[in-house]
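Please look over the notes below on one helix and its surroundings. They are meant to be read with the structure open beside them.

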Amino acid sequence: MPSDVEIASKFSPRPIGEIAASLGICEDDLLPCGRHLAKVHLRALSQPSSRKGRLVLVSATTPTASGEGKTTTSIGLGQAFSRLGESVCLALREPSLGPCLGMKGGATGGGYSQVMPADRINLHFTGDFHAITSANNLLSAAIDNHIYHGNELGIDPRQVVWRRVMDMNDRSLRHIVVGLGGKGQGIPREGGFDITAASEVMAMLCLAENMADLRRRLDRTLVAFSYGGEPVRASQLQVTGAMLALLRDAIHPNLVQTLEGTPAFIHGGPFANIAHGCNSLAATRMAMHHADWVITEAGFGFDLGAEKFFDIKCRLANLDPVAVVLVTTVRALKMHGGRDKAELGEEDLDALFLGLANLDKHIENVGKFNKRPVVALNRFAGDSEAEVALVRARCREQAVPFALCTHHGDGGAGALELARLVMAVAADSEPFAPLYPLDLPVVEKVRIICREIYGADDVAFTRQAEKDLLQVERLGLSGLPVCVAKAPSSLSDDPALRGRPRRQRYHRASGGVRPR
């Protein structure tokens, strides 16, 4: 089979204006970035719409380091809907340069289920990540500049919680000392860099309804504490207007197309193991406003991105997906059954059987939100018929629909069975139920997530975590949803534990909470 790059090189894209027209987006709301990319102005949401906007969430079992193909499956499923004559649009996250230039690679799908132009999307795209990085670091510069020029707010340099970011994996910058070089170079203090996808600005942009909402979120952002222990917020530094100016283009969703011409909004990219792991709310709403079916995805396994999708994004925005697709692979399940990653291409029914426990737990977790999943087995060339039959049989035992998918090699044609099953499940969808009420103490919310989703017996809070949680209560933030940072390679907090860990205590040291 040709490589992704070879397949992409033979692609003849339709002009982006045609893609926009197929969604009913008027020319005045289209902001072209060349012939094949465009932003769609938020005002397009104010135009009349007759579309049904049925939302489909694509998630996965606990993945291997290379991922199990959620994005590829989302794209293939969207193309399958198009082949069935349905009005459909994708709503996906933007790739981060760090993973793209690291081990994991790009995030534009693969094979014959890709979004185009893949090279531009994977690299700088329309500059959203650059704008977010600049806005984040402007606030960092303002904090240090304020301390240097008299520190009227009394900011304690030891309690600055706002960090700089860059869109690159660079472990040498995670913990640094800034302000060195003498009296004219600032006040020395400890600091560090996160990756842009982990920036609070990224999370805020992806949860904002519009520019006014984004302004409110930026204004109330906690950046430090004073010597007296009082919170210092971004609005007090009088810099959020400038941050908003840097983000004025980034807030508008990006429109592209798949290899088969299916429209796709790709906008925002918070990581699911740190932040909430979903594309922007603006892009989701834009897709729902202009199509009958919207395919979106949430990062890593269902325990991370999808839990946050329901408990944070859906709760905030009053969204309710009509179907959930749970992507898995024979390779991942054999890994969870104890097989070494170098041997995952070999048939091993015993390891696969043991690894099915991970699939069982994720199916159970979907049900905790009052949803019934469709299991999509993303088939690899080395998967044997016996292995496929074993996964199919387990899904039959669990009474959940099963689709064998070959969209990587066959494009939309390889996901037609999946599309038909999704439509059937959507016809009987029940309203989703949040995992926990917001008025519970934060400690209890954490316990519920760990017990119900991760399978922990209980939660052990470190002394630092207890202090952080007291600070959360003092700041009046107890009524917010909980966003847990956790290892993505295991249901537990231990990355080395595979399958469905049991009798494990979940340990979590809080890194602080800031409102979004």
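1. The buried residues of helix α14 are Glu387, Val388, Val391, Arg394 and Cys395. These residues lie on the same side of α14, because they cover an arc of only 125° around the axis. The model is a predicted one.

2. An α-helix has 3.6 residues a turn, so residues three or four places apart point the same way.

3. Helix α14 runs over residues 385-397, which makes 13 residues. From the first C-alpha to the last, α14 reaches 18 Å, close to the 18 Å expected at 1.5 Å a residue.

4. Which exposed residues does the face of α14 turned away from its buried side carry? They are Glu385, Arg396 and Glu397.

5. For α13 and α14, the axes come within 10 Å and cross at roughly 35°. The crossing in which α13 passes α14 is right-handed.

6. On the α13 side of this contact are Leu349, Leu352, Phe353, Leu356, Ala357, Leu359 and Asp360. They meet Ala386, Glu387, Leu390, Val391, Arg394 and Cys395 in α14. Sorted by class, the contact of α13 with α14 has 10 nonpolar residues, 3 charged residues and no polar ones. Glu387, Val391, Arg394 and Cys395 of α14 are among the residues in this contact, and they are also among the buried residues of the helix.

7. One detail remains at the end of the helix. Just after α14, Ala399 takes a positive phi of about 60°.

Key:
Residues are numbered from 1 along each chain as its sequence is written. This is a predicted model: local features need pLDDT of at least 70, side-chain atom pairs count only at pLDDT 80 or more; totals for chains, interfaces and linings use all residues. Side-chain values use heavy atoms; hydrogens and water are left out. Helices (H or I, at least four residues) and strands (E, at least two) are DSSP runs, numbered from the N terminus. The expected span of a helix is 1.5 Å times one less than its number of residues. Buried means under 20% relative accessible area, exposed over 50%, partly exposed in between (1.4 Å probe, protein chains only). The arc is that of the directions from the helix axis to the C-beta atoms. Axes are lines fitted to C-alpha atoms, for helices over the stretch in contact, and angles run from 0 to 180 degrees between N-to-C directions. A crossing is left-handed if the near helix is turned anticlockwise from the far one by less than a right angle, and right-handed if clockwise. Contact means heavy atoms within 4.5 Å. Ala, Val, Leu, Ile, Met, Phe, Trp, Tyr, Cys and Pro count as nonpolar, Asp, Glu, Lys and Arg as charged, and the others, Gly among them, as polar.
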